[in-house]
Amino acid sequence: MFRPENAFEKIVSLSKRRGFIFQSSEIYGGLGSTWDYGPLGVELKNNVKKAWWQGVVYGREDMEGLDAAIIMNRLVWQYSGHEKTFVDPLVDCKKCRKRFRADHIKGDKCPECGGELTEPRNFNGMFQTHVGPVQDDSGLAYLRPETAQGIFTNFLNVLQSMRRKLPFGIAQIGKSFRNEITPGNFTFRTREFEQMEIEYFCKPPQYLQPGEKTDDQLHQEWVEARYNWYLKLGLSPERLRKRPQAKEELAHYAKACVDLEYLFPGSLGWSELEGVANRQDYDLTAHSNNVPEADLARLKLNRNEHSTEKMEYFDEAWTDPATGKKGVKYIPYVIEPSAGADRATLAFLCEAYEEEQLSRPDEAAIKPLSDSIDAALKNIQKRIAEAAKRPGDEVPNGQQLAAMEKALLSAKEDLPGKLLEIDAACSLPGADRLDLLKKVKLIAGKLGDEHTRAVLKLHPRLAPIKVAVLPLKKNEPRIVEMGKKIKNDLSGHFRAVYDDTAGIGKLYRRQDEVGTPFCLTVDFQSLEDGTVTLRDRDTMQQERVRTEDLIQVIGRKIV
RNA sequence: GCGGGUGUAGUUCAGUGGUAGAACGUCAGCUUCCCAAGCUGAAUAUUGUGGGUUCGAUUCCCAUCACCCGCUCCA
């Protein structure tokens with residue numbers, strides 16, 4: 001098993017080649033930072049969303065689902081604070097050309113070089129549109145920049161229609177839109193993206209009954225629940241971490257926030273998949289009328305002049321210790337686990353991508369490769385010596401050359417077994433400028449085709465295709481017929497495909513590369529006794545299974 | 001938006017001031033009883049887009065768009 005340095009690039013190209021993710025509007029030159037999910041991508045992302053919904057809605061007693069509109073009354077964004085605070089005032093340094101957020105720097109000079117700054121330019125991250133026939137401000141609306149507000153504005157509807165008591169939560173999956181200044185990194189930061197958000201409503205600390213969990217405890221429980229969800233679906237604990245935000249990072253209304261970060265390959269590195277925040281009573285108060293001055297001041301909110309409701313919960317269990325009066329109305333606290341569906345999908349893809357060498361070329365086949373490596377090494381060592389004499393900005397520079405030398409020397413120790421390492425060494429920064437290394441890459445690549453595989457070790461629940469039916473001999477009509485029948489029978493239960501357009505080895509590699517966990521082959525024995533072989537993607541081990549048991553056997557393995 | 005890089009078949013890459021090649025992949029046929037086997041044949045690029053220089057540009061120049069790396073960002 002091998003995870004190359006340039007895995008991210010390989011995943012991008014695999015995504016295109018095998019139908020996971022395409023650049024959007026590609027035939028017109030694309031549109032910045034928009035991506036389309038292809039036939040396998042949509043299956044993968046749907047499976048991620050299904051697993052999330054299963055985990056946070058069906059798998060719990062205290063959750064409801066929701067699907068709110070993308071375009072909402074403009075007042076929602078006025079009172080949520082997005083019209084004001086979603087604006088980033090930006091300034092550029094005229095001297096060193098660095099860019100800063102105006103509200104993050106003190107004074108009017110560049111904090112880096114002391115140069116003069118441009119006037120702040122305001123940039124609202126919300127996409128605008130107009131509702132109705134008249135394109136003026138009366139119809140101004142926004143595409144939602146987060147799904148959360150649809151949950152807050154429906155709080156009372158869900159509370160009443162589902163007869164809920166605190167604590168309970170509402171989950172929603174849907175598209176959101178932000179006119180990011182700097183998108184990038186494939187589908188990691190895009191202007192149109194899909195969120196999986198939860199607002200979990202709970203009692204403020206002063207109204208808790210003995211034995212009930214505090215907002216802090218519930219917050220912590222959600223952090224653990226969400227962290228474990230990613231682990232269960234395959235992310236490695238070495239590449240997933242909980243990062244509590246520092247006090248300075250927190251929004252003024254947030255009591256705490258823990259980011260779940262994944263270590264993506266390449267320059268992306270540790271990046272956020274999900275934030276789990278304790279937002280206290282800020283959001284529901286913001287959308288409420290008749291809020292007492294003291295609460296507005298505490299949360300730094302303006303009075304809401306438009307809302308027709310107060311987002312209150314009537315708690316009949318509570319008794320006022322001073323008066324003995326039963327029942328009290330208050331605005332609940334909220335814990336917000338907010339995840340990115342595209343980011344989760346990308347993380348699962350990155351985690352799943354592996355390369356493996358399955359066999360070793362013999363000595364005769366290795367000879368040209370080892371010769372070409374020796375020649376390349378000689379050349380690299382010569383360049384290292386030259387670079388030491390006159391250090392400059394040349395590519396590759398001394399450091400890059402040293403990295404190539406090290407990688408090649410290490411791979412050389414066990415050449416027949418390190419084809420993947422050789423290929424990776426030839427993909428290091430600057431390596432494409434060395435002709436001798438390009439030659440090595442060519443030779444290693446040829447051997448690699450024969451002796452290695454790329455495999456997506458996706459959790460079976462996430463895999464776009466669950467099972468592929470492969471006939472061992474396609475010019476034997478009885479085998480083909482049986483294979484197609486099995487595929488049809490399975491299709492009612494799992495996403496299944498039938499493929500007979502290549503030799504068995506190539507068919508396996510195809511399915512490996514898109515993460516299909518199970519392949520089954522139909523052979524002559526199948527005709528005799530009604531069994532087929534079931535091959536495991538990760539171990540490549542096979543077992544014989546009776547066709548009538550397939551649904552049960554595969555079903556058990558997929559859960 | 002600023003600085004650096006890139007843009008040639010599905011993918012990875014080559015190449016030249018006289019209108020493009022390879023490998024892999026894909027498709028069809030034959031063959032094949034288990035891990036990218038073989039044989040035969042085929043399709044696929046107005047060289048990101050738009051201008052300019054030139055008798056002629058994919059190759060030179062300009063603009064634009066997209067992607068990658070930084071600045072930024074927090075799903």
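1. Chain A is divided into three domains, namely domain 1 (7–87 + 124–350), domain 2 (358–456) and domain 3 (467–558). Please keep in mind while reading that this is a predicted model, and that the points below describe what was computed from it.

2. The centres of domain 2 and domain 3, taken over C-alpha atoms, lie 39 Å apart, and eight residues of domain 2 are in contact with nine residues of domain 3. Between them the two domains bury about 650 Å², with 49% of this area on carbon and sulfur atoms. On the side of domain 2, the residues that lose the most area to domain 3 are Leu358, Arg453 and Leu456, which together account for 69% of what that side buries.

3. How many salt bridges does the rule find across the interface of domain 2 and domain 3? It finds one. Arg453 also forms a salt bridge with Asp512, where the closest N and O atoms are 2.8 Å apart, and both of these residues belong to a network of salt bridges that links Glu354, Glu356, Arg453, Lys457, Asp512 and Arg535.

4. Within domain 2, which spans 358–456, a student may like to trace helix H11 (residues 363–389), whose 27 residues reach 39 Å from the first C-alpha to the last, close to the 39 Å expected at 1.5 Å a residue. Its buried residues are Ile366, Leu369, Ser370, Ser372, Ile373, Ala376, Leu377, Asn379 and Ile380. An α-helix has 3.6 residues a turn, so residues three or four places apart point the same way. The cover over the buried residues of H11 includes helix H12 (398–412), helix H13 (419–425) and helix H14 (435–451).

5. Helix H14 also holds Lys441, which counts as partly exposed because its relative accessibility is 34%. When its neighbours within four places in sequence are left aside, Lys441 is in contact with Asp423, Cys426 and Ser427. The C-alpha atoms of Lys441 and Ala425 are separated by 8.6 Å, although the two residues are 16 residues apart along the chain.

6. In the hairpin of S22 and S23, five residues lie between the two strands, and Met540 in the turn has a positive phi of about 60 degrees. Strand S22 (residues 531–536) and strand S23 (residues 542–546) run antiparallel and are joined by five bridges, with Thr531 standing opposite Arg546 in S23.

7. Another part to look at is an open sheet of three strands in the order S4-S8-S7, paired in the antiparallel sense. Strand S4 (71–72) and strand S7 (128–130) stand at the edges with a single partner strand each, so one side of each has no neighbour in the sheet. S7 pairs with strand S8 (residues 140–143) over three bridges, and the bridge partner of Gln128 in S8 is Tyr142.

8. A search of the whole structure finds 48 salt bridges, including one between the side chains of Glu351 and Arg3 (3.5 Å, N to O). This pair links distant parts of the chain, since Glu351 is in helix H10 (residues 341–352) and Arg3 is in the segment before helix H1 (7–17), 348 residues apart. Glu351 counts as buried at 10% relative accessibility, whereas Arg3 is partly exposed at 27%.

9. Is the pair of Glu194 and Lys49 buried or exposed? Both residues are buried, and they form a salt bridge whose closest N and O atoms are 3.1 Å apart.

Note on methods. Residues are numbered from 1 along each chain as its sequence is written. Chains are lettered from A and ligands numbered from 1 in the order in which they are written. This is a predicted model: local features need pLDDT of at least 70, side-chain atom pairs count only at pLDDT 80 or more; totals for chains, interfaces and linings use all residues. Side-chain values use heavy atoms; hydrogens and water are left out. Helices (H or I, at least four residues) and strands (E, at least two) are DSSP runs, numbered from the N terminus. The expected span of a helix is 1.5 Å times one less than its number of residues. Buried means under 20% relative accessible area, exposed over 50%, partly exposed in between (1.4 Å probe, protein chains only). Contact means heavy atoms within 4.5 Å. Two strands pair if DSSP finds at least two bridges between them. Domain bounds come from an automatic or database domain assignment. Buried area is the accessible area (1.4 Å probe) that two parts lose on being put together, summed over both. A salt bridge is a side-chain nitrogen of Lys or Arg within 4 Å of a carboxyl oxygen of Asp or Glu.
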